[in-house]
Structure formats: C-alpha cells, structure tokens
Amino acid sequence: MENRLWYTKKAKKWEEALPVGNGRLGAMVFGNLKKERIALNEDTLWSGCPTDFNKKDAFKYLGELRQAIFDGDHEKANKIANEDFHGVWSSNYLPFGDLIIEYEGAHTHSGYKRELNLENAVAKTENDVVCQSVFASYPAQLIVINIKSSEKISFKVKFSSQLENSSYVENKTLIMQGSAPEICMPPYYHSEVSIDYGNSAMKFCGALRVIGNAEFGKDFVYFKEQNEATLLLSMATSFVDFKSMPTADSKARALSYFENAKSYKELLAQHIADYSELFSRVELDLTSERADLPTDKRIKHFQNHNDDNNLIALLFQYGRYLTVATSRKGSQASNLQGVFNEHLRAPWSSNYTININTEMNYWCTDICNLSECFEPFFEQVKHMIETGRETAKDYYNCSGSCAHHNSDIWAMTRPAGDPLGKAHAESYAYWQSSLPWMLNEVFEHYRYTGDEALFEEMKPCFREVLDFYNDFLVEKDGVMVTSPSSSPENTFIDGGVKGCLTYMPTMDIGILEEFFANCREFGFETPKTPEIPIGEDGRVNEWVKPYDEKEVHHRHVSHLYCVYPSSVEQSEEVREAARKTLYVRGFGGTGWALGWKVCLWARLDNPENALKHIENQLFPVFALPKEISQRGGSYSNLFDAHPPFQIDGNFGVSAGIAEMFKRKCIPESWSGYVKGIKLYGGKTLSLEFENGKITKEY
C-alpha cells in the first residue's frame with residue numbers, strides 16, 4: 001500500500017494544492033516551480049473579538065414562541081423567532097496570506113512531479129534539477145521549506161495577504177504584520193458594510209528566516225546562485241483566549257518560535273519522528289492498487305474499474321493524516337475547513353458548525369488510533385459551556401448552559417442570524433442541542449481512553465448542561481419536550497404550509513437519550529425521554545408528527561443520530577426502521593452527508609451499502625458539468641467536496657471505514673489486512689480478510 005498522493009502538473013486551483021499542517025499552522029502547496037504559491041493559515045486568525053451579541057430580552061418571547069409551535073402556527077413561530085429571538089452571525093476564520101517564491105529558470109527543466117507523502121507528512125515538488133520540500137513541524141511550530149538544486153538557481157521570496165498588511169525586513173528577517181477585520185459577514189449576507197476593520201480585532205505577524213546565504217531587500221529576500229537554502233516560516237496572532245481581547249504581541253510571539261531553530265536535517269528528523277509515531281499506528285492494505293497513476297487520473301479511473309481498492313485505503317489514511325494536520329494538543333479545534341482556508345469571506349464563515357460538522361471532524365480520532373488529537377475539541381466545549389451560561393439565561397431564562405448551531409473562536413453560543421433580525425433562520429438557528437451532543441462525544445472519547453482524570457473533568461460539564469435541560473424541558477401532552485427546536489436545516493410540510501420549528505424532534509430524543517444515560521454514569525438523576533418514533537411506513541419519523549417531507553433526499557439524517565453516532569444500543573425494530581429511512585433518503589448527498597451514511601450503514605452491519613457511499617465519496621468533482629455541480633465527492637487532492645470544500649467529509653468517511661472494521665463488516669470485494677483500529681479501553685483490533693471473510697483476528 002503506497003500512502004502517497006502525486007501529480008504530473010502544478011496545482012492551478014487551491015483545491016488542487018497539497019495540504020501540510022501541525023494543528024496550529026496550515027499551508028497549501030501549489031508546486032509551481034516558476035511562481036510558487038504556498039497559501040498560509042494560522043488557527044487563531046479569526047475576525048472579531050469577545051462581544052456579547054445575545055439578544056438580552058429574548059426570553060420574554062419564549063412563551064409566545066412555544067405556544068405558536070404547539071398550535072402549529074408555523075408562520076407566527078417563524079416571525080417571532082426571526083424578529084425577537086435572533087442573534088448575530090459568528091466570526092469568520094480568515095486566510096493568513098501567501099508565501100510567494102519566484103524562481104528564475106527552475107521551471108524549464110523536465111521530469112516534473114509533485115507529491116504528498118502521508119508516511120512522513122512532507123509535500124515535495126521536483127524536476128530533474130530542483131527539489132522543493134515543505135512540511136509543518138509540530139515540535140518546532142514552524143513551516144519549513146527546503147530548496148535543493150543540482151545546478152545553481154536564484155529565487156525571490158515575499159509575503160502577500162488579502163488582509164490589511166505591510167511587509168518589511170528587519171534583522172535579516174522578512175516580516176509581514178497585519179490586522180484582521182472586526183466585522184466580516186458571511187458571503188451569503190449582503191449589507192452596506194460586509195467587512196469593517198475597526199480597532200479591536202486580531203493582529204497577526206508572519207516572519208521568515210533563512211538557513212543559507214541570502215540578500216535582503218525592502219520587503220523581500222533574494223537567493224542568488226544557490227544549490228540549497230532552507231526557509232523557516234513562523235506565524236502568530238494577538239489572540240489571548242476566547243474571553244479576552246486579542247492584545248498579545250503577535251510579532252514577539254512569531255519571532256519566539258525561531259529561538260530553538262535547528263538545522264534542516266534536525267528539523268526534518270524531529271518532524272518525522274513526531275508525526276510518524278501517530279500515523280504509523282494504523283495500517284490498511286486492500287491489495288489491488290493503481291498507484292502508478294497520478295492521483296487526479298486515479299480518481300477518474302476508479303469510477304469505471306474495480307482494480308484499485310487501495311484508493312479507498314488511501315482516502316482512509318488521508319483522513320487520519322488530516323486529523324494530525326488540523327488538531328494537536330494546544331491548537332484550536334478543527335473548523336469547517338480544518339485549518340485550511342483561502343477565502344476572506346469563507347463559505348459558512350469556515351466556523352464551527354455544531355449541528356453535525358464539528359462533531360464529525362472528531363469521529364475518527366479515537367477509532368483511528370489518534371486519541372491525542374481529540375483534546376482541542378473538549379477545550380472548545382468547555383469554552384462554550386462558559387459562554388453558554390449567558391445564552392441559557394438570555395434566551396430561555398434557564399440555569400446551566402446551552403448553545404445553538406454555530407460557534408467560533410470566541411465560543412459563540414447564541415442563535416446565528418441577521419443582526420437586525422431579518423434573516424429566515426428558522427431552519428437552523430433555533431436548535432439548542434449542540435452541547436449535549438458534544439459532551440456525548442467527549443464521553444465516547446473517555447470510553448476509548450479510560451482516562452479517569454478526564455471522567456472527573458467531564459462531570460461538572462455534564463452537570464451544568466443537565467441543569468439547563470431540567471429547566472428548559474416543558475410539558476406537552478404529558479411528555480417533557482424540547483421547544484423551540486428543529487431537525488437541523490430540514491423543512492416539513494404541514495397542511496400545505498412549510499415549517500421548521502417544532503418540539504422534541506427525533507434528533508433531540510436521540511441526543512438526550514444518550515446524554516441522560518451518560519449523566520447517570522456520574523450518578524445524576526435525569527428526566528425521561530420518549531421512544532424513538534417509527535411511522536406507519538416503517539421509517540424513523542424525523543419530527544414529532546408525521547409531516548410531509550419537503551426534501552425526501554435531504555443531506556441531513558439528523559433523526560438517525562440514535563443509530564450513529566449514539567452509543568446507545570437500539571432495538572432491532574429501530575435499526576430496521578433506520579435501514580428503511582436510509583433507503584428512502586438515497587445514496588447521494590453532499591460530501592459530508594456521504595460520510596455520515598457510511599458510518600450509519602457500517603453501524604447497521606451492511607458493508608455493501610457502506611461501500612456504495614465510499615465510492616460516491618470518491619466521485620471526481622472537478623469533472624462535473626456545471627448543471628450537476630452540487631453533487632458531493634472528492635477534489636483532485638482528495639479534499640472532501642460539499643461542494644465547496646469542507647473537511648468533515650474526509651473525517652466522516654475515515655470514521656465509517658474504521659467502524660466497518662470494528663464491527664467486522666467487510667465488503668465481499670475487499671481482501672487484505674488492517675492493523676491498529678482502536679477499541680474501547682485502549683485495546684486495538686487487527687484483521688486479515690479475503691473476499692470479505694475474516695481469516696485472522698488479533
């Protein structure tokens with residue numbers, strides 16, 4: 001099995017570039033030996049600053065909103081929610097900038113190739129003369145670029161950024177300093193002021209130092225007639241923490257990472273030792289392989305030939321690679337694009353979308369034997385519990401803590417929406433179940449690690465969110481229910497009227513069923529939850545009533561949370577209803593939706609249906625005609641295509657493949673072996689199999 005992506009052409013688009021990251025820093029390497037672009041990110045570079053944008057009197061409208069929902073007056077419920085119960089959009093994760101390398105004559109040589117080696121996390125671009133290597137070192141907290149040439153070459157290096165910035169040279173260091181906007185609206189929100197820099201937002205600094213001989217200009221570095229040079233790139237911001245104004249010295253912080261800089265040879269060895277200890281824990285070989293094809297052509301070839309099961313293995317290992325690249329101890333949690341974003345106004349603000357996507361980012365960490373990468377997720381949860389106390393009080397007049405469907409580096413917990421209350425946000429904003437879901441995921445992490453210190457650390461978090469639900473749940477027809485709520489981002493038809501807001505949707509039942517079960521592990525008393533509802537058609541009902549579906553093939557399968565990711569074992573009746581639900585939902589979907597369905601079919605012990613979704617995940621998006629460009633799949637660099645790019649699909653499909661092995665649920669077309677799948681309690685599972693049948697287990 002060759003864990004390598006490779007190409008014979010430079011990247012023309014960002015989605016074709018190759019990612020390297022160390023959790024905090026990210027870089028997309030284009031591999032252009034004429035004018036190289038390395039697109040840069042730093043995980044704390046967000047718009048905004050800590051600000052309480054809660055609607056402080058929202059709780060006054062709660063009773064009226066609930067009554068409208070109970071009465072089935074969907075238009076009135078929408079009006080109250082959007083005008084009187086709204087919040088403000090999240091902050092935006094921002095692109096740091098680009099490092100530009102202008103080569104003189106390097107591109108004229110033959111033998112071009114670029115690759116990303118998943119075994120050592122090094123992106124390499126080379127021809128017969130020049131070799132450029134790039135990696136993101138976690139131990140050194142630097143992006144390292146080494147350029148070697150068998151002939152003397154010259155090249156110029158400079159910074160650029162979409163953000164307000166200036167570049168200069170100081171003490172043989174190329175420096176770029178800049179400011180992030182205080183206001184950066186999402187791309188789908190149109191107002192007179194979409195971007196406003198203000199005075200209180202994040203500052204950032206990039207710094208470049210050189211191992212080798214160089215000449216320094218006003219705002220560039222020039223290498224003349226060199227055989228080898230190494231560039232050490234540092235990035236930092238003024239971020240302090242989620243509740244403090246961003247007033248740290250970004251320049252001093254960026255320069256501090258050079259203090260322990262070593263030689264290139266030492267940096268590379270240190271990087272590989274750190275990274276490979278994580279990546280090498282799991283091996284997968286599905287025997288048939290077309291690694292002789294460049295990866296872009298290989299993805300196309302896969303659609304019509306059955307001689308490349310190891311492209312699936314490569315996709316699985318790529319998800320593990322991206323986990324290490326985007327989430328390490330001390331970094332921020334992985335957002336919608338991990339740590340990789342080139343857009344000033346990114347799709348969905350590249351934020352934490354916590355009604356599925358952020359959670360999915362961490363589905364593969366434990367089962368794929370990367371438990372150390374989970375810590376940033378729990379840190380984000382703890383921050384949100386702290387800010388969520390005000391949200392619980394302001395919106396519901398409840399104790400405890402709650403959060404809605406979006407968050408950001410400032411741990412936003414309010415409903416997201418138009419600052420003026422003019423957005424139609426009813427399908428997504430007024431859903432309050434993210435914190436119990438996220439805490440369920442933390443408890444699942446505990447099941448894998450058996451960390452008793454974590455168990456004690458979780459306990460007050462569960463207590464606080466349980467306190468919210470003890471106050472928030474309201475009686476309806478003799479049952480305690482959530483209200484307002486929704487089945488995230490989906491819409492139903494009730495008597496010819498479109499609706500979204502409801503009470504106790506099936507997703508809430510599934511989340512709270514698991515959350516309350518986990519609470520009882522701490523000795524807490526909990527409310528009761530209703531049974532998972534099954535309709536007359538034998539499917540799992542999505543809402544509290546059997547409404548007509550507006551989108552039968554909707555991308556979200558929220559009502560099947562009870563099957564996956566929930567740890568609660570469901571009855572065979574519910575499992576069969578889930579199977580029927582998935583068949584009706586179909587085998588299409590956006591990239592991350594395909595990943596979720598892989599996990600569901602694996603949990604339902606149907607390897608062939610899981611495989612169909614994996615194959616759909618590998619559909620080449622770059623080959624699609626415009627009229628069907630909304631289909632999910634993979635870009636040529638194997639990034640998940642929602643489209644556009646969202647990293648959650650990569651993690652979801654890797655988690656699903658691991659779940660297939662965990663449940664020994666293997667398609668007939670797979671032969672080979674897997675080593676190191678993690679089980680509860682820190683145990684591991686290794687299998688050998690032939691045509692879907694297990695021949696050895698250890």
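1. Two strands are taken to pair if DSSP finds at least two bridges between them. The model discussed here is a predicted one, and in it strand S28 (residues 684–690) pairs with strand S29 (residues 693–697) in the antiparallel sense, over four bridges. Across this pairing, glutamate 688 stands opposite lysine 696 in S29. The hairpin that S28 and S29 form has two residues between the strands, and asparagine 691 in this hairpin takes a positive phi near 50 degrees.

2. Asparagine 691 is also one of the contacts of tryptophan 670 when neighbours within four places in sequence are left aside; the others include Phe689, Glu690 and Gly692, as well as Leu286, Asn309, Ile312, Leu611 and Phe661.

3. Trp670 belongs to the largest nonpolar core, which has 207 residues, and together with Leu99, Tyr321, Met458 and Phe661 it touches the most other members. Helix H6 (residues 310–326) gives this core its largest share, namely eleven residues. A further core of 14 residues lies apart from it, and includes Val122, Ala140, Leu142 and Phe258.

4. Helix H13 (residues 572–585) and helix H14 (residues 591–603) have axes that come within 11 Å and cross at roughly 145 degrees, and the crossing is left-handed. On the H13 side the contact is made by Arg575, Arg579, Leu582, Tyr583 and Arg585, which meet Lys597, Leu600, Trp601 and Arg603 in H14. Sorted by type, the residues of this contact comprise five charged and four nonpolar, with no polar ones.

Conventions:
Residues are numbered from 1 along each chain as its sequence is written. This is a predicted model: local features need pLDDT of at least 70, side-chain atom pairs count only at pLDDT 80 or more; totals for chains, interfaces and linings use all residues. Side-chain values use heavy atoms; hydrogens and water are left out. Axes are lines fitted to C-alpha atoms, for helices over the stretch in contact, and angles run from 0 to 180 degrees between N-to-C directions. A crossing is left-handed if the near helix is turned anticlockwise from the far one by less than a right angle, and right-handed if clockwise. Contact means heavy atoms within 4.5 Å. Ala, Val, Leu, Ile, Met, Phe, Trp, Tyr, Cys and Pro count as nonpolar, Asp, Glu, Lys and Arg as charged, and the others, Gly among them, as polar. A nonpolar core is a set of buried Ala, Val, Leu, Ile, Met, Phe, Trp, Tyr and Cys residues joined through side-chain atoms within 4.5 Å. Buried means under 20% relative accessible area, exposed over 50%, partly exposed in between (1.4 Å probe, protein chains only).
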